[in-house]
Amino acid sequence: MTAYLLKRLIIAALTLVLASMVVFAVMEILPGDPARLMLGFNASADQVELLRDQMGLNAPLVLRYLHWVGGMLSLDLGRSYTYSVPVIDLVRERVVVSLPLALIALALSTVIAIPVGVFSASRQGRAGDTLAMGAAQLGVAVPNFWFALMLIYLFAVWLRLVPAGGFPGWNAGIWTALKSLILPAIALALPQAAILARVARSALIEVLNEDYIRTARAKGLPYRAVLWRHALRNAMIPLLTILGLQFAFLLAGTIIIENVFYLPGLGRLIFQAITQRDLIVVESIVMLLVAAVIVINLIVDFSYAIVDPRLRGRQ
């Protein structure tokens, strides 16, 4: 087991190094000069060159990469060109919106998907299965921003139950803040729940055809107990994989939803930084999100051995 964990940690570290090189290289080839954008197009070439020197943009690429990586390791993410504040302060301000939003969306997705998947698998080929999987297919096909617009119209404009957008901050009260995250979380959760429900159904159908399930049924165990206590637990590995990927997506892929609901989260910050050519903000936040994805995948890998004792024996 120790060797398995060490191997996964080494792979994660190498992945992180490779990702940092890719992110840095992509940011360098993007068109536009941050110094020129900050000073305006009427600024002289000497003024632009002076600002580039002050920002360290004229240093060799290798030195700039090493300086950036060293700062990341010490949590010194640099200073934003646009906001003139440390990037780590911007991240602290925005992550308190994006992280709760991702967690709420993941919880909603799981609560919806697992019962639907179990229901559909237990009624394979019947009308209930067809109806549930039809709804899941619709959820996969329809983009989440369309869900977002429909939710705004229904619950914010027509029923006026929740705000249509914006975030009052946690200082306004937990319930007030959560109300502003409910619609974005639902818009994010519905497509992910549709995917997870289809995976849960497929995994359960495969497990229900195993010999030990038939043996448990032959011994007189109730079908509900076999389904929920035995089959679902042995179908958890593909579900954990999807849940890990979904949380990474929900944390890193909220740009559209945060812009639709005008939420001051990481996704909106990245969008604004890209349009303003604020490279240090984009690089740092993307790398933090990459690191979060890698950590989540590590947690999922480690959880496999907890869910399935056979994996511990193999390692």
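**A walk through the model**

Author: Let's start with one side chain: tryptophan 68 counts as buried because its relative accessibility is 6%, under the 20% cut-off. Keep in mind that this is a predicted model.

Reader: Okay, and what about tyrosine 65, buried or exposed?
Author: Tyrosine 65 counts as buried, at 14% relative accessibility.

Reader: Where do tyrosine 65 and tryptophan 68 lie?
Author: Both are in helix α4. They are three residues apart, which is about one turn of the helix.

Reader: What kind of aromatic pair do tyrosine 65 and tryptophan 68 form?
Author: First, the total: the model has five aromatic pairs. The one between tyrosine 65 and tryptophan 68 is tilted, with 6.2 Å centre to centre and 55° between the planes. Ring pairs also bring in Phe24, so Phe24, Tyr65 and Trp68 are linked into a cluster.

Reader: What share of the residues is buried?
Author: Of the 315 residues in the protein, 42% are buried.

Reader: What about contacts, how much comes from residues 24 or more positions apart?
Author: Taking the contacts with a separation of 6 or more, 71% are between residues 24 or more positions apart.

Reader: Switching topic: what volume does the second largest pocket have?
Author: Its volume is about 270 Å³. The lining has 13 residues, and the closest to the pocket's centre are Leu16, Val69, Met72, Leu73 and Met287.

Reader: Which helix gives the largest share of that lining?
Author: That's α4, with five residues. Helices α1 (2-29), α4 (61-73) and α14 (279-307) each supply at least two residues of the lining.

Reader: How does the lining of that pocket split by class?
Author: Twelve of the lining residues are nonpolar, one is polar and none are charged.

Reader: Now helix α13. Why is it largely enclosed by the rest of the structure?
Author: Helix α13 covers residues 266-275, and seven of its ten residues are buried, so the rest of the structure largely encloses it. The buried ones are Leu266, Gly267, Arg268, Leu269, Ile270, Gln272 and Ala273.

Reader: What happens just after α13?
Author: Arginine 277 takes a positive phi of about 60° there.

Reader: Why point that out?
Author: Because most residues other than glycine have a negative phi.

Reader: Got it. Then what is the phi of serine 84?
Author: Serine 84 has a positive phi near 55°. Serine 84 sits in the loop between α4 and α5 (87-122) and is partly exposed, at 40% relative accessibility.

Reader: And tyrosine 262, where is that?
Author: Tyrosine 262 is in the loop between α12 (255-260) and α13. Its phi is also positive, near 55°. With a relative accessible area of 53%, tyrosine 262 is exposed, because that is over the 50% cut-off.

Reader: What is glutamine 192 in contact with?
Author: Leaving aside neighbours within four places in sequence, glutamine 192 is in contact with Ser109, Gln246, Phe249 and Leu250.

Reader: And what about arginine 198?
Author: Arginine 198 is found in helix α8 as well, and it is partly exposed, with a relative accessible area of 33%. Neighbours within four places aside, arginine 198 is in contact with Met133, Ala136, Gln137 and Val140.

Technical notes: Residues numbered from 1 in each chain as written. Predicted model: local features only at pLDDT ≥ 70, side-chain atom pairs only at ≥ 80, totals over all residues. Heavy atoms only, no water. 1 Å grid on protein atoms, 1.4 Å probe; cavity = no way out; pocket = protein on both sides within 12 Å on 5 of 7 lines; lining within 4 Å. Points joined across faces, edges and corners; volume = space filled by probe spheres on them. Helix = DSSP H or I, 4+ residues; strand = E, 2+ residues; numbered from the N terminus. Nonpolar A, V, L, I, M, F, W, Y, C, P; charged D, E, K, R; others polar. Buried < 20%, exposed > 50% of the residue type's maximum accessible area, 1.4 Å probe, protein only. Contact = heavy atoms within 4.5 Å. Phe/Tyr/Trp six-rings, centres within 6.5 Å; stacked < 30°, edge-to-face > 60°.
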